[in-house]
Amino acid sequence: MEKNAKKSTFDDYSLREVPKEQKYGMYNMFLTLSGSFGAIAVLFAGGVLGSGLNFGQSVVAVISGSIILAVIGSLTGVIGAYSGVSTYVGWRHPFGRWGGKLLGFALITVTTGIGWFAVESWFFGVVMNEIYPNSPFFSVGAAALWGGILFIISTYIGYRALSLLSYLILPQHVWLVAAGVLISVSLHGGWNKVLTAIPVQPVSLLSAITATVGLYIAGSLIAPDITRFARRPRDAVASWSLHMFVFYPFLILGAIAIVLLSGSVIITEDMLKLGMGIGVLLIILLGQWIINTVNLYSGSLSFTNFTNISRDKSSLIVGIIGTILAGYWGFVAGTSLTPFEQFITILGSLLPAAGGAVFAEFFVVSPRLKHIKDPFKRFSFEPGKSYPEINVVGILSVAIGGTFGILQSLGILLPNFGIAAVNALIISFVLYILLIYVFNAGRIKYELGEYRFIGEELK
Amino acid sequence: MTTTLPHLRMGLYYSILQIILSLVLIPTSFFTSNAYSGYHNLALGIFLLITGLLGSFFSTKRDEHKLIADAWLIISITTAFLSIDISSFFASEYQPLGLASASLLTLVWVSLLYVAYTRRVSIVRI
């Protein structure tokens, strides 16, 4: 018992429900969700959108994307708040214990925890080197290494560090971006020029909406890692929606306005030109710090779900692998990241399909077929009860939905038919329900193996 | 019997100090020769005035968490102000006043968070 209590200091209830007294209010939820998933990534994405659309089209693309993401994020967020468990522990219900472990490891530990963590740490080194080109401490490799260590330390502490960083970073970002936009607009000829500016490389509206959704859909689907700490389910929905309809459009449209006026897609470079020196450094340093803390946090939660090692130790193992990778790229000149980025992007494309199966289990199968009406109990684990090791229906739905999503995003299958990630999610959602009906009607067993939950922590 | 917790009382003192500084800062916005600097000071002045009033209200309501939330907001915004106000773009005759006010406020609210932390109030649980 004492051992378990000790483990919880930095373990963040990785393999159990978050107790009620450890949950947070809506203000914390809003700041942590917005700080974690927003910040710098949105600015850079706005930069890319601004080079392809005019301002009016951008508003349509961003609002459409925000509506889709608000719905998806609210649904996953509410699952996290009801269940109190991380995304990957929750996955044990639609995919079985080993299904959830393996999917969590493949889709999050490998992609987000190691892959994107390493890419972002390397990128941190690149940006630091651009700002201070003559110092060995700020060479790409060295900065990637010390940056990686910095990110590991905050991830080791866990949710409390994420909250702390969000309190400091989010309002600061809003202020700095607002100032950057106003300065840029004033210097380049006013709002009329923003509204009439022509994009450098025009893209279709559908591609822009796809990009807007694609940027955030992974964050939307792993929102339970954060929302499991929400005091009430409605706090999770309200804070995510507020984030999607206020904060996200503000940051992305601000970045688009700057790019349309200046013509350069790297938003922080434009802000540097405007004389926002230390402000830009703060945006990059703190923005990348929090985004990589979230990458590693989710990676460590999924690794813990896979191996049963405590979450703090998982963050060290996964973080050190990612940092070594980033340092290697930094020190070995000429290394191309493109093949690696393509690999983790394709693997990450399976994530929306996993989300579809989770929605189907929580919102349809569990209340309608298993008759678990109380949403607090749908993804909970009761001591003494047995759960499946593998859920064949869940795995099949992800495989088929995910394959469709990958083929569509590569342009091989129905390239102009809606948004690939959303299609994958819907296909997996429908398939999961259909297959359960078919397997039940044919009296075919789809839940294989059995493990008994004896209480305390899951194994 | 109700007793005022030390950090709540400190919160009240800090809020009053903040309101005074904001009332000094706001008029400078109208006299500066640099319009951008004027807008920047005006925005900070109004923000400090509103959060100062909120802070003094919460410090009388025994609502530690709202006061802590206020403290984080002020530290975050004033450090953002400090980081870009030093650029030549915002240069004006009142720049030293803005920078001094923002620095002072950041420091006093950091000390409030420290006192709250030593009193075992969670400064992240808001």
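Begin by selecting Gly356(A), which belongs to helix α18 of chain A, spanning residues 351–369; helices here are DSSP runs of H or I with at least four residues, strands are runs of E with at least two, and both are numbered from the N terminus. The model is predicted, with local features requiring pLDDT of at least 70 and side-chain atom pairs pLDDT 80 or more, whereas totals for chains, interfaces and linings use all residues. Residues are numbered from 1 along each chain as its sequence is written, chains are lettered from A in the order in which they are written, and side-chain values use heavy atoms, without hydrogens and water.

**Stop 1: around Gly356(A)**

Gly356(A) counts as buried because its relative accessibility is 0%; buried denotes under 20% relative accessible area, exposed over 50%, and partly exposed the range in between, with a 1.4 Å probe and protein chains only. Display Leu425(A), Ser428(A) and Phe429(A) next: Gly356(A) is in contact with these residues when neighbours within four places in sequence are left aside. Contact requires heavy atoms within 4.5 Å. Then select Gly319(A), 37 residues away along the chain, whose C-alpha atom is separated by 29 Å from that of Gly356(A).

**Stop 2: salt bridges**

Over all chains, the whole structure holds five salt bridges, each defined by a side-chain nitrogen of Lys or Arg within 4 Å of a carboxyl oxygen of Asp or Glu. Select Arg16(A), in the loop between α1 (2–11) and α2 (26–37) of chain A. Which residue forms a salt bridge with Arg16(A)? The partner is Glu457(A), with the closest N and O atoms 3.4 Å apart. Glu457(A) lies in the segment after β4 (451–452) of chain A, so the pair ties together parts that are 441 residues apart in sequence. Arg16(A) is buried at 19% relative accessibility, and Glu457(A) is buried at 8%.

Proceed to Asp235(A) and Arg232(A), a salt bridge with closest N and O atoms 3.0 Å apart. Asp235(A) is buried, with a relative accessible area of 3%, whereas Arg232(A) is partly exposed at 39%.

Lys370(A) and Glu361(A) form a further salt bridge, at 2.8 Å from N to O. Here Lys370(A) is partly exposed at 34% relative accessibility, while Glu361(A) is buried at 1%.

**Stop 3: chain B**

The C-alpha trace of chain B spans about 55 × 20 × 20 Å along its principal axes. Of the 126 residues in chain B, 55% are buried.

**Stop 4**

Highlight Val124(B), Arg125(B) and Ile126(B), which supply 29% of the area that chain B buries against chain A, more than any other three residues.

Finally, a search for salt bridges between chain B and chain A returns zero.

How values were computed:
Buried area is the accessible area (1.4 Å probe) that two parts lose on being put together, summed over both.
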